[in-house]
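Subject: Structure for you to look at

Hello,

Please find the structure below, followed by notes on what turned up in it.

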Amino acid sequence: MAAWVEGRVIDRIEWTPTLFSLRVEAELAPYKAGQFTKLALQRGEQRIQRAYSFVNPPDMPYHEFYLIEIPNGELSPSLGALQVGDSVLVQSQATGFLTLDEVPAGRDLWLLSTGTAIGPFLAMLAQGEAFERFEHLVLVHGVRTGEELTYQSLIASFSERYDARFSYVPFVSREFWPGAMAGRIPAAITSGQLQERVGLTFSPEQSQVLICGNPAMVKETQQTLIGLGLAKNLRRTPGNISVENYW
């Protein structure tokens, strides 16, 4: 059973009234970009806990988590109330298989996310290994409103550093937003609009695709890609599509 350690909040970032990030100092076991752990608060005899991915690469002196506050949620409103200096319990051993060492070789790496599920992909990109292994990298982030397109300065730093090798494609589904595509990610793949936007196609020979987000999006996007000839990546049969449902 994984041990719990006491962490301390050293910074918090307010993105919107319901989206925020916590930076936490805690002594954790080594982990990989793309993995997640659990945060918890103790309420009497009960420990309320939820899983959250690391947004930071593993070599940072803190651990960063990107959260959404769910109205009447059991834990997220309490995490949202934490201030610098407050304590939070962190599970010391990370887990999860949405990591680059589980991804076969390819030319193009597509990172398809919705909401706070962009977090593990930001960790991978910040670490830099993805740019060593793949020629082209595409980060896709689907949200409802434009204000939910967070971490823009970090994403801009990837564009500046890697130039034409890196493409960022935001999707905003509920309003027009300059520079963003409208609608939903799987529909844009089916129509070819996403591929046209970045100048790449999905192919079994060249593409590796990581999908992280709400279960409906993950399922539909995976089915869409299978329809284009890609296959799910399994340890016993390497393929093109690696997925993780974000709740």
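Arg235 and Glu102 form a salt bridge, with their closest N and O atoms 2.5 Å apart. A salt bridge here is a side-chain nitrogen of Lys or Arg within 4 Å of a carboxyl oxygen of Asp or Glu. This pair links distant parts of the chain: Arg235 is in the loop between helix 7 (215-227) and strand 12 (241-245), Glu102 is in the loop between strand 6 and strand 7, and the two are 133 residues apart. Helices (H or I, at least four residues) and strands (E, at least two) are DSSP runs, numbered from the N terminus.

This is a predicted model, in which local features need pLDDT of at least 70 and side-chain atom pairs count only at pLDDT 80 or more, while totals for chains, interfaces and linings use all residues. Residues are numbered from 1 along each chain as its sequence is written, and side-chain values use heavy atoms, with hydrogens and water left out.

Arg235 is exposed, at 65% relative accessible area, and Glu102 is partly exposed, at 22%. Buried means under 20% relative accessible area, exposed over 50%, and partly exposed in between (1.4 Å probe, protein chains only).

The structure holds 10 salt bridges. In one of them, Lys32 pairs with Asp101, the closest N and O atoms being 2.6 Å apart. This pair also links distant parts of the chain, 69 residues apart: Lys32 is in the loop between strand 2 (19-25) and strand 3 (36-43), and Asp101 is in the loop between strand 6 (87-91) and strand 7 (108-114). Lys32 is partly exposed, at 41%, as is Asp101, at 48%.

Next, the core. The largest nonpolar core has 34 residues, and Leu139 and Phe166 touch the most other members. Such a core is a set of buried Ala, Val, Leu, Ile, Met, Phe, Trp, Tyr and Cys residues joined through side-chain atoms within 4.5 Å. Among the elements that give two or more residues to this core are helix 2 (119-127), strand 8 (136-143) and strand 9 (166-172). Helix 2 gives the most, with 5 residues. The core lies between domain 1 (4-91) and domain 2 (100-245), because both give residues to it. The domain bounds come from an automatic or database domain assignment.

Regards
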